[in-house]
Amino acid sequence: PKVFGDHRGCFCETYNRQRFADAGLVYDFIQDNQAFSKSSGVLRGLHYQCPPCAQSKLVRVSRGAVFDVVVDLRKSSPTFGRWHGVELSGENFFQLLVPAGMAHGYMTLEPDTEFLYKVDALYSPDQEGGILWNDPALQIKWPSISPILSDKDKILPQLSEIVSPFE
């Protein structure tokens with residue numbers, strides 16, 4: 001987004017439905033979420049929601065910084081099984097659109113990081129899935145080799161152990 005700043009601080013528009021539609025990106029975001037991570041090195045993910053509850057997300061960081069990763073889970077995609085990573089921070093104002101069919105995760109690079117995201121489908125615990133953050137087949141180049149993980153994220157399966165629900 002464009003950031004307008006002066007001696008008082010700054011202003012930016014973080015979402016505009018019409019600008020997205022003009023770019024061919026039509027999403028009906030229905031919920032906003034916020035996550036706070038107290039320490040650097042917190043890794044959340046790699047998560048996804050299966051159809052019919054698959055979610056697209058528009059993610060950003062309002063304070064702190066993360067290394068944000070998406071993994072393509074769409075079987076018919078030429079980039080199936082590949083990952084892409086980008087740094088999002090409260091300073092760079094970058095946002096990332098994560099389409100349905102992608103696993104998503106991030107690692108905090110600074111303490112006291114606030115991560116914000118919009119979703120276009122409600123969370124369904126029965127439809128959640130995940131992939132192990134350090135799956136050797138993915139070779140994701142995370143910034144740290146000893147992340148802080150939830151118990152649930154420590155035991156996620158590898159990509160080769162799941163049947164992708166996305167075409």
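**A tour of the pockets and the core**

Begin by selecting strand S4, which supplies five residues, the largest share, to the lining of the largest pocket. Strands here are DSSP E runs of at least two residues and helices are H or I runs of at least four, numbered from the N terminus. The model is predicted, so to speak of local features requires pLDDT of at least 70 and side-chain atom pairs pLDDT 80 or more, while totals for chains, interfaces and linings use all residues. Residues are numbered from 1 along each chain, and side-chain values use heavy atoms, without hydrogens and water.

Next, display the largest pocket, with a volume of about 540 Å³. A pocket is an open set of points on a 1 Å grid where a 1.4 Å probe fits, with protein on both sides within 12 Å along at least five of seven lines; lining residues have an atom within 4 Å of a point. The volume is the space filled by probe spheres set on the points. Of the 27 lining residues, select His47, Lys57, Tyr117, Tyr123 and Glu128, the closest to the centre.

Now move to the largest nonpolar core, which has 21 residues, and select Leu46, Tyr48, Val71, Leu73, Ile131 and Trp142, those with the most contacts inside it. Such a core joins buried Ala, Val, Leu, Ile, Met, Phe, Trp, Tyr and Cys residues through side-chain atoms within 4.5 Å, where buried means under 20% relative accessible area (1.4 Å probe, protein chains only). Strands S4 (43-49), S6 (65-72) and S9 (102-108) each give two or more residues to this core.

Finally, select Ala35, Val59, Leu88 and Met102, which are among the eleven residues of a second, separate core.

Notes: Buried < 20%, exposed > 50% of the residue type's maximum accessible area, 1.4 Å probe, protein only.
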